[in-house]
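Open the model in your viewer, keep the sequence panel beside it, and follow the stops below in order.

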Amino acid sequence: MPHIALVTLVVRDYDDAIAFYTGPLGFELAEDTDRGDGSRWVVVRPPGSAAGTGLLLARAKDDAQLARVGGQTGGRVGFFLHTEDFARDHARMTAAGVRFLEEPRHEPYGSVVVFEDLYGNRWDLLQPA
């Protein structure tokens with residue numbers, strides 16, 4: 001069955017991005033391979049992610065790509081991090097310094113709160129109902 005394996009996220013710096021995603025967000029570093037041309041193949045994944053879905057952290061190569069860092073989805077929430085324990089993960093991420101843009105909400109579809117990554121990309125932390 002086809003599935004989405006990776007989504008590219010353009011970043012300013014590999015190491016800063018790895019530190020954020022594996023630190024405050026608790027992702028796992030799945031791969032960090034030097035490609036020999038100054039670039040790296042860097043993949044991070046939430047622990048236990050279904051079908052190996054992850055983020056390919058791609059360092060911006062030019063001014064046009066650099067201008068997109070943090071705004072790849074036009075200011076909308078573009079990424080959705082599901083959890084089985086909303087209160088635990090919200091508390092852990094808050095303690096780790098993640099910037100939340102609102103108070104947690106309890107909607108018919110689940111518990112949700114919007115946060116930003118280190119570049120300003122918007123994410124939902126979501127525990128489906």
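This is a predicted model, and the tour begins with the composition of one lining: by class, the largest pocket is lined by 13 nonpolar, 8 polar and 4 charged residues. To find the place, select Pro 46, Ser 49, Phe 80, Leu 81 and His 82, which, of the 25 residues that line the largest pocket, lie nearest its centre. The elements that give two or more residues to this lining are β4 (54–59), β5 (77–82), α3 (86–95) and β9 (122–128), and they can be coloured separately. The space in the largest pocket comes to about 660 Å³.

Next, colour by domain, with residues 1–69 as domain 1 and residues 75–128 as domain 2.

Now move to the second largest pocket, which holds about 200 Å³ of space. Select Tyr 14, Ser 39, Ala 58, Arg 59 and Lys 61, which lie nearest the centre of this pocket among its 15 lining residues. Two or more residues of the lining come from each of β3 (40–45) and β4, and β4 gives the largest share, 4 residues. Colouring this lining by class shows 7 nonpolar, 3 polar and 5 charged residues.

Definitions and conventions. Residues are numbered from 1 along each chain as its sequence is written. This is a predicted model: local features need pLDDT of at least 70, side-chain atom pairs count only at pLDDT 80 or more; totals for chains, interfaces and linings use all residues. Side-chain values use heavy atoms; hydrogens and water are left out. On a 1 Å grid over the protein atoms alone, a cavity is a set of points where a 1.4 Å probe fits but cannot get out, and a pocket is an open set with protein on both sides within 12 Å along at least five of seven lines; lining residues have an atom within 4 Å of a point. Grid points are joined across faces, edges and corners, and a volume is the space filled by probe spheres set on the points. Ala, Val, Leu, Ile, Met, Phe, Trp, Tyr, Cys and Pro count as nonpolar, Asp, Glu, Lys and Arg as charged, and the others, Gly among them, as polar. Domain bounds come from an automatic or database domain assignment.
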